[in-house]
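The following note was prepared for a colleague who wished to have the model described point by point. Please read the points alongside the sequence and the structure.

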Amino acid sequence: MRHPPRSVLLAVAGAVALVGSVVVPVVTAQGATPACTVEYSVTNQWATGFQAAVNITNNRAALNGWSLTFDLADGQKVTQGWNAKWSQSGTTVTAANESWNGSLGTGASVSAGFLGSSSGAGAVPTAFKLNGTTCNVDSEPSTPPPSTPPPSTPPPTEPPASGTAPALHVSGNKLVDADGRNRRLLGVNRSGGEFMCVQGYGIFDGPVDDAAVKAIADWKANAVRIPLNEECWLGLSNIKPEYAGANYIGAVKDLVARVEAHGMTPIVELHWTNGQYTGNSAGCSDVHATCQKPMPDAQYTPSFWKSVASTFKDDQSVVFDLFNEPYPDRATSSVTDAWKCWRDGGTCPGIGYEVAGMQDLADAVRGTGAKNVIMAGGLAYSNDLSQWLTYKPTDPAGNLVAAYHVYNFNTCANESCWNSTIAPVAAQVPLVAGEIGENTCSHGFVDQVMKWFDDHDLSYLGWTWNTWDCSSGPSLISDYDGTPTAYGAGLRDHLRALNP
């Protein structure tokens, strides 16, 4: 799916937990209860800036609106924040609630974060006020402490996960688990990892903690597709270091682990790639991985897949989707040339950079020893599988799946086309509709898609689990707690009906 503009959406992007945090502890006298507690952590730091988070707990009467203040030293400045309205006057920083998180009941907590600039390692703030009341200090005497400490409990936003995703392989035209049971992949896309990093805002769009992943599982989804960016994974120099390389890889691994812990299959997918393309249907003129390109590039993409495959090759639960939406057919008028480019890569008509074909990427994955299931989408933004069987890559592991995308505005978007071009492919290899959706803010079209795919025992995943406006693109939710849009309600209710 081509993405809507992000200029407004990214202003409230969610935080990403990274390594190297420095946490300010709450200090109180034994047995005392402060009016409020604030935990401040520096979750990442680099030469000219840092990323920090605050967790606020209200221990007094419920608040209908909150404002946290504290001071930053050593010239530190807030440059961008999320989950609160951030401002700074001199050294004093204020974080005020958003419209959707203003209620803070007794014992309730709320988290927010920000990016800051600095000229070096600055002092960590230690004094905080919530609605004018000093936090982290004794406010009044309390009852004597118990003779034994109370048992610790996990944070409310990170409940223990349950379930284990099955290892998968191909058997005939089915995906099956280790016991040979059929596994249809039914779920959602979790967009963000493909664009946030390259645009300099973060790693994921919105929260990806355990509570956020559990909300997906609560829809009775059993699969989550995770779009990625090759430049961010490889840590190329045009990406901010805090969102690149080891930091990016670590965040993706953490999300994959959370998805698996809830029994869902993670599909890691290459969405945006390097390579300058300005021809027909170009999404951008940038050489960098800032939009959908017609084909992956030979310079970086094989290295990306070698690294990804090496990272996950010991985990057969992870599925690899080689490239989001190929469209070499838009660069040339020859259908034969387009399909040859798709499979073999090299010098392709109408594309100015050297292309990595699907065979190149399959070879890169298998060269690491990884036997994970791999998906390959066809032409026309993965909507055309008419010659997929003719040009399908060779896979020595025998774990190749056809990937298909369908929206109401695509050419192949009706039962007649599905019967003539999709069904023959699905009769020979497993077929997964990695993206289904519509631009109507309703679900009449995806209802038809799901019925046809159900009748043919096939897999599908809705685009997308992000809180975008339906007028900008198909968004399944209005809140990361799983509240569906009118469009998303169709997928949610259908998945729950399949697995009550």
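**Helix packing and the setting of one alanine**

1. Glu 415, Trp 418, Asn 419, Ile 422 and Ala 423 of helix 9 are in contact with Phe 445, Gln 448, Val 449 and Trp 452 of helix 10. By class, this contact comprises six nonpolar residues, two polar residues and one charged residue. The model in which these contacts are found is a predicted one.

2. The geometry of this pair is as follows. Helix 9 spans residues 415-426, and its axis comes within 12 Å of that of helix 10, with a crossing angle of roughly 40°. Angles under 35 degrees would count as roughly parallel; helix 9 and helix 10 are therefore oblique to each other. The crossing of helix 9 with helix 10 is right-handed.

3. Helix 10 covers residues 444-455 and helix 11 covers residues 486-498; their axes lie 10 Å apart at an angle of about 25°. Helix 10 is therefore roughly parallel to helix 11. This crossing, too, is right-handed.

4. Which residues make the contact between helix 10 and helix 11? Helix 10 contributes Val 446, Asp 447, Met 450 and Asp 454, while helix 11 contributes Tyr 487, Gly 490, Leu 491, His 494 and Leu 498. Sorted by class, the contact of helix 10 with helix 11 holds five nonpolar, two polar and two charged residues.

5. Ala 223 belongs to strand 16, which runs over residues 223-229. Is Ala 223 buried or exposed? The relative accessible area of Ala 223 is 0%, and a residue counts as buried under 20%; Ala 223 is therefore buried.

6. The surroundings of Ala 223 can be listed. When neighbours within four places in sequence are left aside, Ala 223 is in contact with Leu 185, Leu 186, Gly 187, Val 188, Met 264, Thr 265 and Leu 461. His 262 is 39 residues from Ala 223 along the chain, and the C-alpha atoms of the two are separated by 9.8 Å.

7. Finally, some totals for the chain. The protein chain contains eleven helices and 22 strands. Of its 500 residues, 54% count as buried. Among contacts in the protein chain with a separation of 6 or more, 73% join residues 24 or more positions apart. The protein chain exposes about 19500 Å², of which carbon and sulfur atoms supply 51%.

Note on methods. Residues are numbered from 1 along each chain as its sequence is written. This is a predicted model: local features need pLDDT of at least 70, side-chain atom pairs count only at pLDDT 80 or more; totals for chains, interfaces and linings use all residues. Side-chain values use heavy atoms; hydrogens and water are left out. Axes are lines fitted to C-alpha atoms, for helices over the stretch in contact, and angles run from 0 to 180 degrees between N-to-C directions. Helices (H or I, at least four residues) and strands (E, at least two) are DSSP runs, numbered from the N terminus. Angles under 35 degrees count as roughly parallel, over 145 as roughly antiparallel, 65 to 115 as roughly perpendicular and the rest as oblique. A crossing is left-handed if the near helix is turned anticlockwise from the far one by less than a right angle, and right-handed if clockwise. Contact means heavy atoms within 4.5 Å. Ala, Val, Leu, Ile, Met, Phe, Trp, Tyr, Cys and Pro count as nonpolar, Asp, Glu, Lys and Arg as charged, and the others, Gly among them, as polar. Buried means under 20% relative accessible area, exposed over 50%, partly exposed in between (1.4 Å probe, protein chains only). Accessible areas come from the Shrake-Rupley method with a 1.4 Å probe; for residues, only the protein chains shown count as cover.
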